[in-house]
Every structure is written in structure tokens, then in C-alpha cells.
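Colleague: I am new to reading structures, and I would like a close look at one part of this one. Could you take me through the places where the chains meet?

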There are 6 protein chains.
Amino acid sequence: MPRIDGRTPAQLRPVTIERGWSKHAEGSVLISFGDTKVLCTASVTEGVPHWRKGSGKGWVTAEYSMLPRSTNTRSDREAVRGKIGGRTHEISRLIGRSLRAVIDYKALGENTIVLDCDVLQADGGTRTAAVTGAYVALTDAVAWAQDKKIVKSGCDPLTDTVAAISVGIVDGTPLLDLCYEEDVRAETDMNVVCTGDGRFVEVQGTAEGAPFDRKELDDVLGLATVGCVDLAALQTDALAVRQEPA
Amino acid sequence: MPRIDGRTPAQLRPVTIERGWSKHAEGSVLISFGDTKVLCTASVTEGVPHWRKGSGKGWVTAEYSMLPRSTNTRSDREAVRGKIGGRTHEISRLIGRSLRAVIDYKALGENTIVLDCDVLQADGGTRTAAVTGAYVALTDAVAWAQDKKIVKSGCDPLTDTVAAISVGIVDGTPLLDLCYEEDVRAETDMNVVCTGDGRFVEVQGTAEGAPFDRKELDDVLGLATVGCVDLAALQTDALAVRQEPA
Amino acid sequence: MPRIDGRTPAQLRPVTIERGWSKHAEGSVLISFGDTKVLCTASVTEGVPHWRKGSGKGWVTAEYSMLPRSTNTRSDREAVRGKIGGRTHEISRLIGRSLRAVIDYKALGENTIVLDCDVLQADGGTRTAAVTGAYVALTDAVAWAQDKKIVKSGCDPLTDTVAAISVGIVDGTPLLDLCYEEDVRAETDMNVVCTGDGRFVEVQGTAEGAPFDRKELDDVLGLATVGCVDLAALQTDALAVRQEPA
Amino acid sequence: MPRIDGRTPAQLRPVTIERGWSKHAEGSVLISFGDTKVLCTASVTEGVPHWRKGSGKGWVTAEYSMLPRSTNTRSDREAVRGKIGGRTHEISRLIGRSLRAVIDYKALGENTIVLDCDVLQADGGTRTAAVTGAYVALTDAVAWAQDKKIVKSGCDPLTDTVAAISVGIVDGTPLLDLCYEEDVRAETDMNVVCTGDGRFVEVQGTAEGAPFDRKELDDVLGLATVGCVDLAALQTDALAVRQEPA
Amino acid sequence: MPRIDGRTPAQLRPVTIERGWSKHAEGSVLISFGDTKVLCTASVTEGVPHWRKGSGKGWVTAEYSMLPRSTNTRSDREAVRGKIGGRTHEISRLIGRSLRAVIDYKALGENTIVLDCDVLQADGGTRTAAVTGAYVALTDAVAWAQDKKIVKSGCDPLTDTVAAISVGIVDGTPLLDLCYEEDVRAETDMNVVCTGDGRFVEVQGTAEGAPFDRKELDDVLGLATVGCVDLAALQTDALAVRQEPA
Amino acid sequence: MPRIDGRTPAQLRPVTIERGWSKHAEGSVLISFGDTKVLCTASVTEGVPHWRKGSGKGWVTAEYSMLPRSTNTRSDREAVRGKIGGRTHEISRLIGRSLRAVIDYKALGENTIVLDCDVLQADGGTRTAAVTGAYVALTDAVAWAQDKKIVKSGCDPLTDTVAAISVGIVDGTPLLDLCYEEDVRAETDMNVVCTGDGRFVEVQGTAEGAPFDRKELDDVLGLATVGCVDLAALQTDALAVRQEPA
């Protein structure tokens, strides 16, 4: 049975990675996974949070948000409601952990990089696009910081690439990179974050309908690993283009 | 003395108006005034706030926000701080009043349109770009609602166009459409909202340095009127292109 | 056509300025514009906000608030709702900017003066009464600070007087100093802040009904200038009375 | 040993009760206990909170607040901090309970009266002045509501008068109606609310220094009873003057 | 007329005091007054709040909270509502003041002890159980701090014991230690905090129905004094058992 | 290499499940996994949230919280900070999803059950203990609701048991049910939720140090499955004891 948009089960949606999208940020990427578009900006500041001062180590953190009308129905702004929702918290923390998995804090020195991932348009997989794009923005920000001598050049603060992809089981079939319509219908929904060498940083699977068994889990994990390797190649291609540091 | 970017005093920055930017919103525009980029989406919902129920009249409101790294230095998210700042409130209210000035509530019927204006990149004049872009998104949303028979077709809910521009006095010279660097140096800073026929909806002038006299006020008001007429023409051009309602 | 309360179009309501209203504040004024009564207190503290430390310059800021039953219908307290509303933010910022327009920060030295403007009874023009009364309270507070040697005596931190007045167009007639009933019916509503020499600090005009044209704008600006000059005289009279510093 | 202001131990400070202070509220009183000044307004609304609907019974509640510079040192506004402090909560609840002690809910019918007690100037005893003044404002509001036929006239919703006073032990001597300087030095501090017949509605005593024994407790309770009887007489006198309902 | 649970008017409910309940806290007590169960933990930190630094004096404070389903009907969590309610504030402050009444700040040195009193199950008298249990946890925490040489051993920071009990008048009869059912029916409700020598730290009485007279007040104060003396004996017994400092 | 507490790698800590802990809640369990103690209460209310009304389906949700001194160092209360933290949100959502995986909404009817999971003492694995205990409380609450005829008896709203366990890799060895000290040292940390038949509801794995490979993932998944089956047996045993519905 073909997928809604004609893809094969193990096929990613078209991915575009547009670097240098913002004139202000030290790194910035507009990434799209199909109709999902996320603007990822990396902001470098010298110094670290107070609980880390004097450690000689840097810090990387992330904040995720959706524009109110990035989705089919408008959502209230969290700023207007006066609090961050649980889902937003959860995804911000996921992005931060994913990026920190490939950071050598010592090499970064006492500097902080904040990744802002703002969803401009949502069609499923916003958190995985965010992780994947944020990695590229982070890489540009690190290069900028090395160029400005804020970060030392000898030792790379980035130990590997990192990317994320969603997988799920829809009508019994394991599928890679679910769009919104597939996501809604999935019995099982999983987000997987891998480093460039195919090892796992995060595995978050949820049974939306019936619980899933070990065989199903193995199937989607296999798909996800392949998807992340594909994304790592796209990240590397995007970064291969030399860009003037801002 | 030439301007930083080579413009004449009464010259707008390059303006682009990209309609249909979002696949979800009933109207959506990515507007740029030079390096200032604002995404304006219009969301139509049937019904009105409770204090207006049974009146037979519609409602239009707006929310403005800046992405944390839309500016040169990252700002904390208002959602994280848990409250909307005074400047954000002020601009959201300005945009809402500006759009309501050209709305015939009766013709709109008991429907609500919310305009979200999110600044993706800031270089001065974000509120004026927001008003100008939001008008176009609003027009597309009204057309959509008429197409869906949510709003009756006989009587146009939009009574005129509306656009906004900043003016200021920099080193003694009145200038139109200040970019950020000019804005910082301006002794006087004014935002003017006009309808398409050159009449005023809002005039908000502030002495940043020395108070300004009547002559200076007259000069910048004159510049602003011209700027708004130029913007009205650009809005009309952008809207002249037939677009498939989403 | 006579006004509701029998005034001529260019006539202020009776204005009273009662200095030394509070035994605690360094400056305090109960000002009334007709039935509008605002208590303005000035609080001096040595030191400035952290972003201004070491600059040798002072700071002046303001907070505006309405008592819940200062109006015809009771409003919820902002403290109970847990957030400041947009209108309150807007007016607090306006008062602060207006006062800072006549402050010589260097002469003030690294001291902060906070103006609290609490509306005890509202009948239109609360923000303009607040600016006008706050200036007088500020002047008393500066005198107190000079008397206590907190601020140096040689150079006056106040460079001019500042006052504010509302103007509007009601039934086609430009009117000065609108009371609440007039304000509700005004097609155009403007608040103007001037220094004692009749120059502008703030001009904030809004079309409540139809947009206004240049002729109407010129008319109300003219009225406002006259009103502010009258208020400056009343401020000077009120301050002419020698008062024991608290 | 004479008191700071020359009073005898059982003497109240000069009390003034100014009715009809506000043109908007259904009842309003500016009460002073010496230099303590509290503006009490009563707001009548038809209907009751949802948990009381259909009961045939009314509701009375109160909110207390201090203006930021009502005290010697400026306090931050609770609206700015975004939350009500514990002391404010405590006093608001005390005032509400005190007034409800003399209310016949059935006679009030399904109407709500909110008492706002805003401290304009503080010099000790703000909560007791608030209770005492709020009772008078409440009485005027009830009369207004009867005049407007909102509340039935046959049966008085007020079953008695209610007033409050502070007592304390300073340097071993029991004193009535402490001013701020005495309050700070008191070893024991008690607020007592009594009905007009000298019975107790609230007794709230706190050892500020050493615990107090039964003899000391008996002494201050005796003083407080006398003080409340004196206040009841002043309330009755103030209410004896016929006032035009607003 | 016998009480609901067969007690005599002056009889406490069964009281249990279980020390060392938590492995982490420096002092911890699970106290029960009949079916009311409160977990009291004492946390010692070196240093004091900034307003007390350099004084050589310590600080003791308390926070009270009820689990959402500690009561018959589930209450929303205050963390979810985003603010502390008035009752919670009031009780936290009462517990803090009660404990500070028996603290010698100088002997405590610049250390802070926070008492957390979390109601696991409520059946009336939660605040009095909290005060009584918190005293025991505080005593253990002080012993721990002396053992760790954080607090000097020569001079005891605790000057006496402190305990609290509720009293009330139900159907005309003064009763000690009300359970929830009695509390709901009480005409008068009082909480009394006494030191071990029977002197008063806090007296908080409220007329729930008709006001109470001096005779009734004297009766319940007498009962409360006896109850607190009984509790002091139980505290002393519980503390007599030698416990290994954690 | 033996574990800190002498367990084998695949051995659970001692688990106790104490039903009927609270007299008020429809279901209540004090569960311990070693020194981790969580109080789980289930509250039944008739009716469902507004977005589910008229669906004929019920709802189950959960809230997780830690007492401030449940951990080695005291944490600020979220109610005092005025917002729920990301971790709390994340765990509350996890518990809710886990329980809903075994709920037949139709059989539950339009009733809501809220599970409150309050950590009284923490030593690692608080979320897994919470899920495991909440299931038992939920079962008791469903039985209560059937007994009260709120839920129909014919069709069981619970479709299976559900339990959760943590697994991790410490010093290269996969371990089951990590205590706090092990958790801190784990390179990989995973929480797994399974139904009684050993299928997965949630799999949440995070690389704390180096990314983990497929072999490691397979190992910990295997351990977790065994652990959950053990817990299911303990739940069944605990529920086998007949308990009087409250």
C-alpha cells in the first residue's frame, strides 16, 4: 500500500537545509522535512550559567516553540497563557540533550550556546527536524566562535554529527519520517536520535494504540537507524559549502 | 548627507510581500522592509468573544512577537519569563486598532480573525511592517471566508487599505522608514498608520532626545503620509495577483 | 454646542495640585483634573539598576495603576489576575518617557526616582493628570535629594517642566481635556505631552471612528499646545509655595 | 511613661470617617486612624459566585492592598511581581470574615458586595482601620441597593456593627491602637474584631518577643473590647448623617 | 453528649510521633493526630537569606502544603494553578512564627532551617499537627547540626518546646482537638500555640457562626492550655529516645 | 562486580505495595522500590473534561510531584516558584499515557480518574514506581466505581496490567532497577513501561555519556521486559487480597 505522498516506507520526505538564514545569529538554519519548516538559530555568549562557573566547561541548551498558526488550528501563545506547556518542555529538553551528546564541554570552554528552534510550519516530525537543523546551526556557531577566538581552534568541540527521525507503525507497516496525517493514524510512534556512526542518543517510543512487541520495536529501530544515516549525509553535504562567518 | 544604505530621505527600503506563505493559515504573508522580516498569519474562527455575542458584529485582533534571536542580541522568550512585556503589549494593541480601523464589523458578521505577526528578523520598523503585512493577510482571510460562505459576499468587510511606516529625525534630517541603525540615532521617532486615502489612523511620536517643535512634527508627518501612500500601492499590487484560496 | 460640563472647547477642567500629600514619600502630589484624581508619589533610592551601574547617570521610571473601583464598574486587580494588562504597561511607559525627557541624568547622579501614579478616581484623562502631577512630585523629590546631599546642588537635574493633556474631536468639534463621557464619544482621541516651552515630548493620536485628516490633526495639536502651556503655569504656581522638605 | 504621641494607654488615635469619598462606588469611605489612611469602597453586583447560585443567599468579600509608597520604604507592587503576598492574602481574608460575621445572607439575596480596602498611607493598624471603614462603606452600599430595589427593604442584611482594633504590650504596658513605632517595639501584638455588643469575631494575637501569659492576654483583650466599643460609637455617629444615595 | 469518636471534651485524639521517617532530611517526623497525618522534614543549610547576612543570626522558616487528595474531595495542586492560595500562605506563616518563638537566633549561628509540613491525610487540625511535629523535626535537625559542628554545642538554639492545638465550641460545648466533622459544625474555632511552660505564642480565634463572648473565649483558652501541656509531654517522650544522627 | 546493595544485575529492589493507605481516596497505594516511596492516590469524578463531553468515553490522567525534601538536597516547591518544571511535566505525561494504554474508555463511561503520584522519598526510579503503584490504585478506584454503580460492571475498563522499570548500563554492565547512586553513574538510562503480557507501552532511553549501540539497547530491553513481568506478578499478588471498598 503506497504512502499518502507516494513515498516508500523507508524514504525520507524531501529535506532542505538553508544555512545563514538570519543575519544576526551566529548560526542559523531553515530546515524543512517536507512541509515541516523549522528555523533554528544558535546564539553564542561568553560565560556559563552560575552552577557551572569555574569548571572550564561550556554549556549547550535549546528552546523549542511553535508559532501559533504553524498548525492547522491556531493554538494560544504560551507567552499569553503565561506558562510553557508540558509538550514544549519535553521537546526543548530532548533537543538540548541530543546536542550535548556530541559536545566536548572542555573544548567548548566556558561559553554557552543556545539553540532556538521555532516551528514556522508543522506537518509532523517537528522535533526531529529541529534536532537535525539545530546541529547544523550549532556547527556554524562553533566555527564562528573559533573564528572570533572565543573558542580555541585546536580541539573540535563537536565530537560527531547528530540527527533525529520519527518512525511509526501505520496499519501494521513500519514507516520512516511520518507526516502529520500518518502520525495521527500511527499505532506506535517513535523518535530516535542517532550520532553519525549510527549509535543511539535517544530512543522514545510510545504505543498510541495497542502495545507493541519486540519484533515491531526492532523493525522501527532498524528503519530509524537508516534514516539517521541518510540525514547525517545531508547534514555533511550542507556543511561542505564554505560559508563566510557572519 | 547620504543615508547608511544610500537611500534618499523619503525613500522606502525594498519591500517584498509574499502571500500564501503558510499552508495552514487562511491568510499568510511574509513581508520584508529591507532586512526586517515579519510572518503575518490570519486565522478565521466562527463566533466572537463572549462580550460581543449576539451583536451581529465580528472582531479582529492581533498578537505581535519577536523570535528570541530576531535581534542582534538574543532576548529571553516571554513564554519562559511567564509574562508579556510592555512593548509587546503595546505593539499588539497598535496592530489590532490599525486593522479594526478598516473593518466593517457588521459585514464581517459574528466571526473573529486573529492576526499573528511574528518577527523572524528585525532591523527597525517591525511594527510598521507587521501592520502593512497583516492587512494583506487579513484581506486574503476575508476572501477565504467569503469563498467558504462564512462571511457574506455582498458587502465587503474591508472599507479601505491600511499601512504603517516609521519616520524620524536623524542629525536634523527627517527620514522615512528608519533601519535599526538610524532608529538608534534618531532624536525623534514616529510611527504613523494611514488608510489608503492618506488619512491617519494612528500617530505615535516620541522625542528620544530633545523635544521636537511643530515644524519638525509637520515635516515627519508629511514624509509619513507619502510613505503610506507608496505602501498602499504595493499592497494593492500584491493583492492584484489572483490566488487560489487554500 | 456647549460641552457637558459647560466648558468652552479650549478650556481645562478645574485643576488642583496638592503637594506633600503623603508623610512618607520624598515627593507626593494629589492632582485632580475635574473628577479625575491621581495620587503621585516619588521615591528616591541611591543607586541605579544594574545595567546602568558605573555610568555616573541616574534613572527615572514610573508605574501607573487604577484602584479597582476608581471607575464606574469595578475591575479585577492586576495583582489578583497575576499580570499587568497592556493598557497599564503602555501608560506606565508613557509616564516614564515623559519625565525622562526633562531629566539631566548626569546631574541626577547614580540615583533612581520611581514615580507611582495611582488613580483614586477616574473620569477621563488619568494618564495626562498622572504625567502632570508626577512632574511636581518629581521636582519635590529632587529638592529633597539635594537637601539631603544625595544629589549635588550645583546643577539642576530638571531641564524643563513637562505636562500632558488629552484632546479629541467630538461631534466634529476639537475639544481640550476630555472627561469620560466626551472620551467615549470622541471620533479621535489624542494625548500630547509638552515641555514648558511648548515643544512636543509625545504625540499619541488614535482614530476611534473614522480616520482623521491633516486639518483635524493640526487643530487638536494646536489645542493641546495651549492646554500644556496652561498646565505648566499651574505647575509653576503650585511649586512656588515653599514647602518644608519632609 | 507617656506614649510617643502623648496618648494614654487606652486611648484611640484621632479617627476620621469620610463617607461618599468616591463618585463611582456604591459605598466609599476614607478612614483614618491617626496617620493611617485607608480608602474603602463597596461595589455591589447582582448575582453571586457560581458555587452559591440558586441558594437565595448573598456574598460579601474583601481585598486589601497597600499602595507601593504608603510605607516609609517603597515596596514592589504585587501586580508587578505577579503574585499576592502572604500578608495581603491574610488580611484580605480577615476583612472578609469580619464583615460576613454581621451579614444576614438571606436578607442580602443573591447579590455580591466586594469591599476594596486600599491603604493610601500606613502608620500601623491598617487592617483594623480597613475593617472599621469597610463596615461603614458596606452599610452605605446596602442602603444604596435597597434604594435601587436590588435588595429587599423589609429585613436588614446587617445584623450588627463590626469594628477592629490593635492592642499590644510595649515595654510591659498594654496599649490600645498601636502606631507603627509602637508596633515595631511591641512584645505582643493582637488584632481584635468585635461586634457592636462587644462580642468577639476574631482574636489574633502573636508573641513578637517572649511568649505572653494569661494575665497579659486578659489585659489586652480588655483594652481591645473598650476600643471596639468606642469605634462602634464613631461608626454610628458617622452613619447618622443622612447621605444622598449616589 | 459524647463526641463523635467517644472522646471527652478535653481529650486529645491519639497522637503518634514517628521520628527519622525520611532518610534524607536532617530531621523528619510523621505525626498523626487521629486520622490527620503530616510529614514534617527539617532541612539545614549553612548561610542565611541575604537580608540577614553578617548578623551572626540564623533563620527558621516553614512551608505547609496539602497533597491534592489528602482531603475528602481532590483539590487542584497549587503548582498547577501557578499560585499559592491564601490559606496555605497563612498556615505556612503561622508555623514559621511558632517555631521562631523558641529559637535563639544567635545560638543557631548563620544557618537556615526550613521546615516542610506536607499533609498526607487531613481530618481537622492539620496546622496544629504541623507545628507540633515540626518542633520535633527541628530539634533533631539542630542536634544533627551540632553533631556536624555546623552549630556550636555550648548553647542550645532551642529555648523551649512549642506545640499547637485547636479548640472550638460545638453545640455550645467547648471541645479540644476538633476532628473535621466537629470543625465543620463549630460555632467558634481557635488555634492556640503554646510553649512548654503554658504561655501563648499565637492565639487565633474566629467566630464561624455567632460572635463569641468573653466567657466562651476563656473556656476554650483554658482547654487549649491543657492540650498544649499534654502535647509538650508527648514531644518530650518522643525525643527521649536516643536516635542515631543520619 | 557486585552492585552497591548486593543485588544481581537482573534483580529488583524489595518492592512493597500497601493498598488502602488513605482513608479519603477511592484507590490509594504507598509503593516502595527499595528506599523510593511514592504515594499514589486515585480520585474518581463523574463527568469528563469539556472536550470529551458526549463521547460516552472516560478519561484517565496523572500528576507527579516530589516533596521538597524527598531528595538529598531540598528543592524549591513548584507551587512557590509558580510553575511546573519540565521534568515534572514530562513524568506526569508519561504516567498518564502508561495508564491510558490499559484503559477501555468506553467501558469506563464518562468518568474521570486522576492519579496523584507524590514522591515521599526518592532513591532512583520514582517514575517507574509511580506507574507501577498508580496501576494498583487505579484498579481499586475502578472497583470502587463499579461497586457504587458509577461504572458499569459487565465490562472491565482495565484491559491489562501495566508496570514500569528502569534499566541502565553502569560500568559496561546492564543493570535492572537502578538506585540513585547507580543512576548517577549510568552511561545509558532507560525507562520501560510494559503491559502484563510483556509488550511495550513506552520505551525512553537516553545516552547520558557515550551513545549506545544496538547490542546495548537489546540487552537493556531484555532486562526491562523481565523486570516488568516480575512487577506484574507483584501487582497481581497485591490485588489478590480482598479489600473492603472505602
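Modeller: Here is a walk through the chain contacts, followed by a stop at an annotated site. Please keep in mind that this is a predicted model.

Let us begin with chain A and chain B. Each of them brings 36 residues to the contact. Together they bury about 2900 Å², and 50% of that is on carbon and sulfur atoms. Three residues stand out on the chain A side: His24(A), Arg69(A) and Arg77(A) supply 24% of the area that chain A buries against chain B, more than any other three residues.

What kinds of pairing cross this interface? There are 16 salt bridges between chain A and chain B, and 24 residue pairs are in polar contact. One salt bridge to find on your screen is between the side chains of Arg69(B) and Glu26(A), with N to O at 2.7 Å. On the chain A side, the elements that each supply at least two residues are β3 (36–46), β4 (59–66), α1 (78–81) and β5 (111–121). By class, that side of chain A has 14 nonpolar, 10 polar and 12 charged residues.

Now turn to chain E and chain D. Here 26 residues of chain E are in contact with 27 residues of chain D. The buried area is about 2500 Å², with carbon and sulfur atoms giving 53% of it. This pair of chains has 4 salt bridges, and one to look for joins the side chains of Arg93(D) and Glu90(E) at 2.6 Å, N to O. The polar contacts between chain E and chain D come to 15 residue pairs. On the chain E side, α2 (86–100), β9 (200–207) and α6 (214–240) each give two or more residues. Of the elements on this side, β9(E) gives the most, with 8 residues. The side of chain E that touches chain D has 9 nonpolar, 8 polar and 9 charged residues.

Arg214(D) forms a salt bridge with Asp218(E), and their closest N and O atoms are 3.0 Å apart. This pair crosses between chains, going from helix α6 (residues 214–240) of chain D to helix α6 of chain E. Arg214(D) is partly exposed at 28% relative accessibility, and Asp218(E) is partly exposed at 27%.

You can find another such bridge between Arg214(B) and Asp218(C), where the closest N and O atoms are 3.1 Å apart. Arg214(B) lies in helix α6 of chain B and Asp218(C) in helix α6 of chain C, so the pair joins two chains. Arg214(B) has a relative accessibility of 28%, which means it counts as partly exposed. Asp218(C), at 27%, is partly exposed too.

Some chains do not touch. Chain B and chain E have no contact, and their nearest C-alpha atoms are 11 Å apart. Chain C and chain F are also without contact, with their closest C-alpha atoms 11 Å apart.

Salt bridges can also sit inside one chain. In chain E, Asp177(E) forms a salt bridge with Arg13(E), with the closest N and O atoms 3.1 Å apart. The two are 164 residues apart: Asp177(E) is in the loop between β7 (173–176) and α5 (180–185), and Arg13(E) is in the segment before β1 (15–19). Asp177(E) is buried at 0% relative accessible area, and Arg13(E) is buried at 4%. Across the whole structure, over all chains, a search finds 136 salt bridges.

Last comes the annotated site. An unreviewed UniProt entry places a "binding site" at Arg87(A), Gly125(A), Thr126(A) and Arg127(A). These are spread over 41 residues of sequence but cluster in space, the largest C-alpha distance being 13.5 Å.

Which of its residues are buried, and which are partly exposed? Thr126(A) is buried, because its relative accessibility is 6% and the cut-off for buried is under 20%. Arg87(A), with a relative accessible area of 29%, is partly exposed. Arg87(A) belongs to helix α2 (residues 86–100), while Thr126(A) belongs to helix α4 (residues 126–147). Leaving aside neighbours within four places in sequence, the contacts of Arg87(A) include Thr126(A), Arg127(A) and, from another chain, Arg93(F). With those neighbours again set aside, Thr126(A) is in contact with residues including Thr36(A), Val38(A) and Val119(A). The side chain of Thr126(A) also makes a polar contact with the side chain of Tyr64(A), at 2.6 Å.

Notes: Residues are numbered from 1 along each chain as its sequence is written. Chains are lettered from A and ligands numbered from 1 in the order in which they are written. This is a predicted model: local features need pLDDT of at least 70, side-chain atom pairs count only at pLDDT 80 or more; totals for chains, interfaces and linings use all residues. Side-chain values use heavy atoms; hydrogens and water are left out. Contact means heavy atoms within 4.5 Å. Buried area is the accessible area (1.4 Å probe) that two parts lose on being put together, summed over both. A polar contact is a pair of N or O atoms within 3.5 Å; within protein, one must be able to donate a hydrogen and the other to accept it, and residues adjacent in sequence count only if both atoms are side-chain atoms. Helices (H or I, at least four residues) and strands (E, at least two) are DSSP runs, numbered from the N terminus. Ala, Val, Leu, Ile, Met, Phe, Trp, Tyr, Cys and Pro count as nonpolar, Asp, Glu, Lys and Arg as charged, and the others, Gly among them, as polar. UniProt positions are given in the numbering used here, feature names are shortened, and annotations may be inferred rather than shown by experiment. Buried means under 20% relative accessible area, exposed over 50%, partly exposed in between (1.4 Å probe, protein chains only).
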